[in-house]
Amino acid sequence: MSEEYKLQFSHISKFFPGVKALDDVSIDIKKGCVHALVGENGAGKSTMMKILDGIYHADEGEIKIDGKKAEIRNSKDAERYGIAMIHQELAFCPNMTIEENFFTNHHPCIKGTPIVDWKKIRKDTIQILEEEGLSYSPVTLLKDISLSDIQLLSIIKATRTNAEIIIMDEPTSSLTQHESARLFEKINHLREKGYTIIYISHKMDEIFELSNYITVMRDGKSIRTMAAKEVTHDELITMMVGREIRDIYPTRNCKIGDVSFEVKDFSCGKLYHDINFNVRKGEIVGLSGLVGAGRTEVVRAVCGLDPCDSGEVYIEGKKVDCSSVSKAVDNGLVMVTEDRRRYGFAPFASIKENIAVASLKRLSRFGFVNDRKKDEEVAYYFDRMRVKAPDMDTQVFTLSGGNQQKVIFAKWLMANPKVLILDEPTRGIDVGAKYEIYKIMNELVEEGMAIVMISSELPELLGCCDRIYVMCEGKITGEVSKEEFSQERIMNYATGGK
C-alpha cells in the first residue's frame, strides 16, 4: 500500500569514521500529516533528515517518494523532489531584504531577457505579505525582523518553491509561547492543504498537540512508529531513553546557607532598571520572564560580557569587580551562555582544549602550561560530567547537543566558581540529557555553590528552583518562593501584573 505514503525510508544505514550513525532504519510517512521524529540527541534524527535533504548520502537503503525511488545526491535534488528543511539554527543573510530572500535562486526574468524582473518580485512579495498578514515592507532587512517571523518567512518560501515535504527541526526553540501558537496555526493550515510535515522537537507537549504519528529513534535505530493518540507521555520518554525516568526533576536535600551572590541596582538605558536579587549557598534561583524582558541582558552585564550604566556585584559579602569576563572568573562568577554554538565552545578544537581554556592562567607558570596537571584536571571533569565521547581528543562539533553542554559545564567548573549562571541550559537538549544536567546542578548546590538559572520553560523553573524572580520590560516585578509556585502567578508577574 505504498501509494498512501508520501515518503518511505527503507533499510537506511549511514557510517561515519568509527560510528554507525544509522542502523537499518525504515520509516513510512503518510501524506498530509504531521509526523514527529523524537529521540535523544545522537539518536540519528538529524542524520536521517540530512540524507533526505541531500546533505548526506545513505550508505545503504533507499528512499521512495510517492512510491517511486528517489535519487537524492544533493540539495538541488531534494528541492526537485519537493523537499524543504527549516533548520533549528536559522540560516539567513541579515542584510538581505524580504523580497531578495523570497526569490533567491528563483529570480523571475523579464520575458525574452536574462534581466531580473524586480517589478514582478516587488508585486509578488507585497501580495505574499498581505496574504500572511505581515505588515512588513518588501525592502525590510531580515536583521530587523523577529526570529518567529523569519521562521514564518522560511516556511512561506519553502511552500512557494513547490515543496510538498517540509522538515522542521526544533522550530520553537527560540520562540515565545505566543509566537509558537502562531507557528502551530501555520502548521495546521499546511496540513489541511495536504503538505507532509516532519517535525523534530524535544518538547513533549508540542509533539502531542501537533502530531498525527510519532517515530521514536534511539542509538541510530527506529524503535517504533505509532499514532500519537496510542501512546502516553511517560511511555514515549521510556522508549526514547531506553529506561524509565520516574521524575524528570530529581529531588535534592541540601542545606541553604547565607547569601553568596548579590546584584544591586543594575541599570542600563532602556534595557533594564534597578535590578536587585540575591542567591544563597546551596540554592538555585530562577530568572523568569517573556522574551525581551531583559533577563539575558542583565546577566551578561553582571558577568562582564556587556557594559552597564550602574550596578554592584557582591560575592560572599564582598564587593567585587566584574567589569570584564576575566575579572568575573577571577572572582568566582561564571556563566553558561544560551547560545552555546556561537559563544560556548570552539567546535573544531578537542574536548580537552575546550575544557581547559578557562583555566590556562591558573595552570601556567612563566607563560608555560603544566600539561600533566591540565590533563589530570580535564580528565576529572570529563568523567564527572559523564561526557559521552570516544576520548578527550574528540572534536566538540561531533558531539550531541547534550554532550556539548556538558563540555561547557566542565570548562566552567574547572575554573572553580562560587556562582554559576545558567542561561537556557537545556535548550535543544533531549529529555534524557536534561535529566543528567538537572542531576549535575543538584550535585553542585549540595556542595555549596549558588546557581542562577534562566529558562523560557516555566515547568523547568518550577521543577528546579528554590525561588524565582520574574522580570517584565526590564524590571523585576515579583519574587516567588517555592511555597507560592504556580504558572499563573509567574505569568501574572511576567505580563506586568501585581
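This is a predicted model: local features need pLDDT of at least 70, side-chain atom pairs count only at pLDDT 80 or more; totals for chains, interfaces and linings use all residues.
Visitor: Now the helices. What describes two packed helices?

Guide: The angle between their axes and the distance between those axes. Take H15 (residues 401-413) and H16 (residues 431-446): their axes come within 10 Å and cross at roughly 15 degrees. Angles under 35 degrees count as roughly parallel, so H15 is roughly parallel to H16.

Visitor: Is the crossing of H15 and H16 left-handed or right-handed?

Guide: Right-handed. On the H15 side, Gly402, Gln405, Lys406, Phe409 and Leu413 take part, meeting Ala433, Glu436, Ile437, Ile440, Met441 and Leu444 of H16. By class, that contact has seven nonpolar, two polar and two charged residues.

Visitor: What is the strand order in the open sheet of six strands?

Guide: Read across, the order is E16-E19-E20-E13-E21-E22, and the pairing is mixed. E16 (333-336) and E22 (475-481) are the edge strands; each has a single partner, so one side of each lacks a neighbour in the sheet. From one strand to the next, the twist averages 20 degrees.

Visitor: Which helix packs on the sheet, touching E16 and E19?

Guide: That's H15, whose direction makes about 175 degrees with that of E16. Then there's H18 (residues 487-494), which lies across E13, E21 and E22 and runs at about 35 degrees to E21.

Visitor: How many bridges join E21 and E22?

Guide: Six, in the antiparallel sense.

Definitions and conventions: Residues are numbered from 1 along each chain as its sequence is written. Side-chain values use heavy atoms; hydrogens and water are left out. Axes are lines fitted to C-alpha atoms, for helices over the stretch in contact, and angles run from 0 to 180 degrees between N-to-C directions. Helices (H or I, at least four residues) and strands (E, at least two) are DSSP runs, numbered from the N terminus. Angles under 35 degrees count as roughly parallel, over 145 as roughly antiparallel, 65 to 115 as roughly perpendicular and the rest as oblique. A crossing is left-handed if the near helix is turned anticlockwise from the far one by less than a right angle, and right-handed if clockwise. Contact means heavy atoms within 4.5 Å. Ala, Val, Leu, Ile, Met, Phe, Trp, Tyr, Cys and Pro count as nonpolar, Asp, Glu, Lys and Arg as charged, and the others, Gly among them, as polar. Two strands pair if DSSP finds at least two bridges between them.
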